[in-house]
Amino acid sequence: MSKKAKRSIVTGVTPVDTYDSISIKRINTLHPQLVDSAMRVFNKARSKGIPMYVMWGTRSMGDQQVMYRYGRDLPGKIITNNRPGYSAHNYGLGLDFCLYWNKVLFTWEDIYERWYWRQRWLKVVFMFEEEGWDTGWRWTNFEPYHVQNLMGNTMLDLVRKYEQVKDRNNWLEALREQDKNQGVHIQSPETTRGGDRDSELG
Ligand SMILES: [Zn+2]
């Protein structure tokens, strides 16, 4: 990453290593109203000695399309059930994380049998919940690495809004501009607890 990019995106923290820099960069791809919230979790995790790594922030419709094709018309395993437009990532409202140690990334599958690491993973999940995010760890289709905050929308609301934007090249900017004008606020923990089944889309 260039020095210039580093300076322009960091929100109140100095990256200590490449993993930090990449994570911070990815957090900064999220909806502007979620960046501070995600950074608070990231900083809190780090201050507790939890090495959290952000695997995905915003994912373009093109990337989603490619991912959707795996295990269908591309060889490999199915990695997502969500067509483009049906993942919180497409709107910058979802984030995937994992942990790392000694430059090795640990997925949930790697660590869930190890109490020490599982506790740390769950602490990150709960920190996101304290910030009002919905966590895939609680979902019936279990996505322990996935957290999202649809900011009061259902997934279908988001799909409809996306379809209404005329400018296909700048649709994400257009949606964010709309949110700004409408003064959309992120959900409080009270309104997200209990879970909106519509949001069970990773
Ligand atoms: Zn995800």
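Helix H3 (residues 32–47) packs against helix H6 (residues 115–130) at an angle of about 145 degrees, and their axes lie 10 Å apart. Axes are lines fitted to C-alpha atoms, for helices over the stretch in contact, and angles run from 0 to 180 degrees between N-to-C directions. The model is predicted: local features need pLDDT of at least 70, side-chain atom pairs count only at pLDDT 80 or more, and totals for chains, interfaces and linings use all residues. Residues are numbered from 1 along each chain as its sequence is written.

H3 passes H6 in a right-handed crossing. A crossing is right-handed if the near helix is turned clockwise from the far one by less than a right angle, and left-handed if anticlockwise. H3 contributes Val41, Lys44 and Ala45 to the contact, and H6 contributes Val124, Met127 and Phe128. Residues are in contact if their C-beta atoms, placed from the backbone, lie within 7 Å. By class, the contact of H3 with H6 has 5 nonpolar residues, 1 charged residue and no polar ones. Here Ala, Val, Leu, Ile, Met, Phe, Trp, Tyr, Cys and Pro count as nonpolar, Asp, Glu, Lys and Arg as charged, and the others, Gly among them, as polar.

Phe126 also lies in helix H6. Phe126 counts as partly exposed because it has 13 C-beta neighbours inside 10 Å. A residue is buried if 20 or more other C-beta atoms lie within 10 Å of its own, exposed if 12 or fewer, and partly exposed in between; C-beta atoms are placed from the backbone. Trp137 is 11 residues from Phe126 along the chain, and their C-alpha atoms are separated by 9.8 Å.

Positive phi values occur at two residues other than glycine, Lys103 and Phe142. Phi of Lys103 is near 65 degrees. Lys103 sits in the loop between strand E2 (94–101) and strand E3 (104–106). With 8 C-beta neighbours inside 10 Å, Lys103 is exposed. Phi of Phe142 is about 35 degrees. The loop between strand E4 (134–135) and strand E5 (146–148) holds Phe142. Phe142 has 11 C-beta neighbours inside 10 Å and therefore counts as exposed.

The protein chain has 9 helices and 5 strands. Helices (H or I, at least four residues) and strands (E, at least two) are DSSP runs, numbered from the N terminus. From that terminus, the order of elements is α-α-α-β-α-β-β-α-α-β-β-α-α-α. Of the 202 residues of the chain, 26% count as buried. Among contacts between residues at least 6 apart in sequence, 63% join residues at least 24 apart.

Terms used: Two residues are in contact if their C-beta atoms, placed from the backbone, lie within 7 Å.
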